[in-house]
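Dear colleague,

Here is the structure I said I would pass on, and my notes on it follow below. Please read them with the model open beside you.

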Amino acid sequence: MKYLTLIDSPQDLKRLKRSDLPELAQEIRDVIIQTVSKTGGHLAPSLGVVELTIALHYVFDVPSDKIVWDVGHQAYAHKLLTGRRERFHTLRQHGGLSGFTRRSESPYDAFSTGHASTSISASLGIACAKSLKGDNGRVIAVIGDGSLTGGLAYEGLNQAGDLRKDLIVVLNDNEMSIARNVGVLSSFLSRKLSAKHFVSLREELKEFLRSLPRVGDDVYNLAKRTEESFKAFITPGMLFEAFNFNYFGPIKGHRLDHLIDTLQNVREMHRPILLHVTTKKGKGYEPAEKNPMYFHGVGCFEVETGNGVASDQKAPTYTEVFGKTLTKMAQTDERIIAVTAAMPEGTGLTDFSQTFPDRFFDVGIAEGHAVTFAAGLATEGFRPVVAIYSTFLQRAYDQILHDVCLENQPVVFAMDRGGIVGEDGPTHHGLFDFSYLRSLPNMVVMAPKDENELRNMMKTSLEYRGPVAFRYPRGHGLGVPMDSVPQALPIGKAEMLTTGSDAVIFAIGVMVGPALRAAQRLEKQGISVCVVNSRFVKPLDDALIISLAREIPNIVTVEEHVIHGGFGSAVIECLADHQMTGNRVLRLGIPDTFVEHGAQKVLRAKYGLDTDGIANAVKEMLGERMSLASGMSFCQPRLEAIG
C-alpha cells in the first residue's frame with residue numbers, strides 16, 4: 001500500500017494531493033474486501049461509499065465537524081481513515097472493532113448507530129447543541145435512499161427545515177437498502193435527468209427563444225431565472241425543497257473531483273442543505289456489484305470467486321425452515337399473507353414472494369407501519385404473518401400494543417434472530433422480546449427448542465384467534481427429524497423431557513439443548529436434574545411449575561434473554577402468585593447490560609449460557625443450598641428465595 005499506511009487521522013489524508021486520492025480509494029477497497037472475506041460483514045454498502053468517505057474527510061474537519069452515518073454499517077472506510085487501520089483486522093470479532101459506529105470506540109464516531117433512519121434526527125440534535133454552545137462546526141448526516149423509506153427520517157427533515165439550522169444531509173442513492181427498495185419514494189428518487197440531454201435541451205431552447213423577434217432576449221432571461229425551478233420539478237429536488245432544504249444534485253458519487261468541489265461549496269452555506277449523491281453498491285468488487293443483496297451482509301467468502309466458505313452444517317437454518325414452511329402452509333390456506341420490512345431474503349421469504357406475489361408485502365424500513373398494516377389485513381379475515389428481526393420489532397412496540405393487542409387481532413409475529421445474534425453486536429441482539437411482549441394483554445409468546453418445534457409453533461400460531469409471537473435464533477437448526485405434517489401445540493403447555501429430584505431446569509427456546517446436556521453431565525456426577533422444555537413464555541404452564549416446585553425445592557430457569565422481566569421473572573411471579581414457599585430460584589440469562597459483539601459460541605460461554613455454564617451454576621446452587629442447611633454463609637446474587 002502506497003498511501004493508506006500513511007494515514008492515521010483525517011489530517012494525514014488532507015496532506016495528500018487530489019491526484020493521489022483515486023489510488024487511495026482502491027487501497028481502501030482492497031483492505032475492506034480482504035478483511036471482510038475473513039470476518040464477514042457489510043461489504044457492499046461499505047464499498048459503495050469509499051469515494052464519498054474520502055471526500056467528506058478531505059473537506060471537513062472531523063471530529064470538530066460531525067459526520068453521522070445512518071445505520072453505520074457502511075462506515076468501514078471511515079474507520080480506516082480515523083486511526084483504526086491497525087485494528088481493522090479485528091472487525092466484528094469479540095474484543096475488536098464494531099461493525100457499526102460507536103462513540104465509545106472513537107472520537108470520530110459522532111453517534112452510535114445500528115438501526116436505520118436515525119441520522120437526520122441525531123444530526124439535527126447535534127446541530128442545535130452546537131448552536132447553543134456557539135460552536136461553528138458543521139454537522140453532516142449521511143443517509144441511504146433505503147433509510148429514507150423510514151418515517152423517522154421525514155420527522156427529522158420536517159423539523160430541520162423549520163429550524164433552518166446548519167445541517168448538511170448527504171443522500172447516498174444506490175437504489176437499494178438491504179433488498180431492492182420499494183414504494184413510490186424510491187421510484188421518485190430514481191427520476192434523474194442526464195446531464196447530456198439536459199444541456200442539449202437547454203442550448204436548443206436558448207437559441208429558439210433568442211430568435212423570437214423583439215421579445216426574444218426578455219423571454220430568454222425569464223426562462224433562465226426559472227431554470228432552477230424547472231430542474232427541481234424534473235428531479236427529486238422538488239421533494240426536499242418542500243422541506244426548506246436547498247437541494248443539490250444528483251452528482252456522481254464515485255467522482256472524487258466532483259464530490260470535493262461540491263462539498264467545499266456547500267460547506268460555506270449556512271442553512272439546511274441536501275446533497276444528492278448517486279453510488280453503486282458493491283463498487284469495485286465484481287461479485288458484490290452483481291449480487292449486492294448477498295454481499296450486503298455476508299459471511300466469510302473466497303475473494304477470487306466471491307463464493308461463500310463452505311459450512312460443515314448440514315441442517316437448514318431456522319430462517320430457511322420458517323420460509324419453506326410458511327410457503328407450504330399458504331398453498332392450502334389463502335388467508336395467509338406475509339409482511340416484512342425491507343428484508344425478504346433475510347427473513348426467508350424470497351420463495352414466498354415469488355410463489356404468492358399478491359400475498360407478499362415488503363413495506364420498506366417501516367416496522368411500525370408493517371404492524372398496523374397487518375392489523376388492517378386481520379380485520380378483513382386474513383392471517384398476516386409479520387416476519388421481522390427481534391431487534392427491529394422493538395421499533396413497533398406502540399403499534400403492537402394499540403393496533404394489534406388492544407383489539408385482539410390475529411396477527412402472527414415471526415421474530416427472526418431472537419437471542420444472541422453474534423458479530424453485529426448490541427444493536428442487533430434480540431434480547432428484549434420476552435419482556436416487552438409478555439406484558440401485553442392477549443399476546444401469546446413462544447420459543448421452540450428445535451426446527452421441528454418451530455414448524456409446530458407456526459401451525460399453532462395460525463390456528464390461534466389472537467396475537468401470537470414466536471422467536472427463533474440465528475443460525476442452523478439441530479438436524480432433528482421433521483414431522484411430515486406440523487402439529488398444533490396446546491396453548492400454554494410445557495414438555496417434560498427428563499425427571500429428577502435434586503433440581504428442576506425450566507428452559508426456553510435455544511437453551512433447551514444445553515440444559516439437557518448439562519443434566520446428562522450432572523447425572524454422571526450423581527446429581528439428578530429434571531429438565532422442562534417450557535415452550536411458552538406466556539401463558540406459562542402454571543400447573544406443571546407448581547407441581548414440580550412442590551416436589552423439588554431447587555429451581556433453575558434458563559433463557560437467552562435479559563433476566564429483568566424475562567422468562568425467569570415470569571416463573572418467579574407464578575410461584576409468588578401461588579404463595580409457594582421453600583423454593584429457591586436461580587435465573588440464568590443476560591444480566592443488566594448490553595451484550596457486546598462476538599461469535600455466538602463465545603458470548604454464550606461468557607454469559608454462562610452453554611452446557612458448562614448451566615452445569616456449573618446448578619452445582620453452585622446445590623452447594624449453596626447445602627451450605628445454608630449447615631448454617632454456613634454463602635452469597636449468590638442470582639438466587640431468589642420464594643416465601
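I begin with R164, which is found in the loop between helix 7 and strand 3 (168-173); helices (H or I, at least four residues) and strands (E, at least two) are DSSP runs, numbered from the N terminus. The phi of R164 is near 55°, a positive value in a residue other than glycine. Please keep in mind that this is a predicted model, in which local features need pLDDT of at least 70 and side-chain atom pairs count only at pLDDT 80 or more, while totals for chains, interfaces and linings use all residues. Residues are numbered from 1 along each chain as its sequence is written, and side-chain values use heavy atoms, with hydrogens and water left out.

V71 also has a positive phi, of about 70°, although it is not a glycine. V71 sits in the loop between strand 1 and helix 5 (76-81), and with a relative accessible area of 13% V71 is buried (buried means under 20% relative accessible area, exposed over 50% and partly exposed in between, with a 1.4 Å probe and protein chains only).

The loop between helix 4 (50-59) and strand 1 (66-69) holds F60, which counts as buried because its relative accessibility is 0%. Not counting residues up to four places away in sequence, F60 touches K14, D65, R138, I140, I168, L263 and R267, where contact means heavy atoms within 4.5 Å. F60 and Q264 are 204 residues apart in sequence, yet their C-alpha atoms are 8.3 Å apart in space.

Turning to helix packing, helix 6 (residues 119-133) and helix 7 (residues 151-163) pack at an angle of about 30°, with their axes 8 Å apart. Helix 6 is therefore roughly parallel to helix 7, given that angles under 35 degrees count as roughly parallel, over 145 as roughly antiparallel, 65 to 115 as roughly perpendicular and the rest as oblique. Axes here are lines fitted to C-alpha atoms, for helices over the stretch in contact, and angles run from 0 to 180 degrees between N-to-C directions. Helix 6 contributes I120, S121, L124 and C128 to the contact, and helix 7 contributes L152, A153, G156, L157, Q159, A160 and L163.

Finally, there are 4 cavities of 30 Å³ or more, a cavity being a set of points, on a 1 Å grid over the protein atoms alone, where a 1.4 Å probe fits but cannot get out, with lining residues having an atom within 4 Å of a point. The largest cavity holds about 70 Å³ of space, and its lining is made up of G418, F434, A447, P448, R471, Y472, P473, I508, G509, V510 and E560. The second largest cavity holds about 50 Å³, and A494, F506, V532, S534, F536, L540, D541, I545 and F567 line it. Each volume is the space filled by probe spheres set on the points, which are joined across faces, edges and corners.

With best wishes

Methods
1 Å grid on protein atoms, 1.4 Å probe; cavity = no way out; pocket = protein on both sides within 12 Å on 5 of 7 lines; lining within 4 Å.
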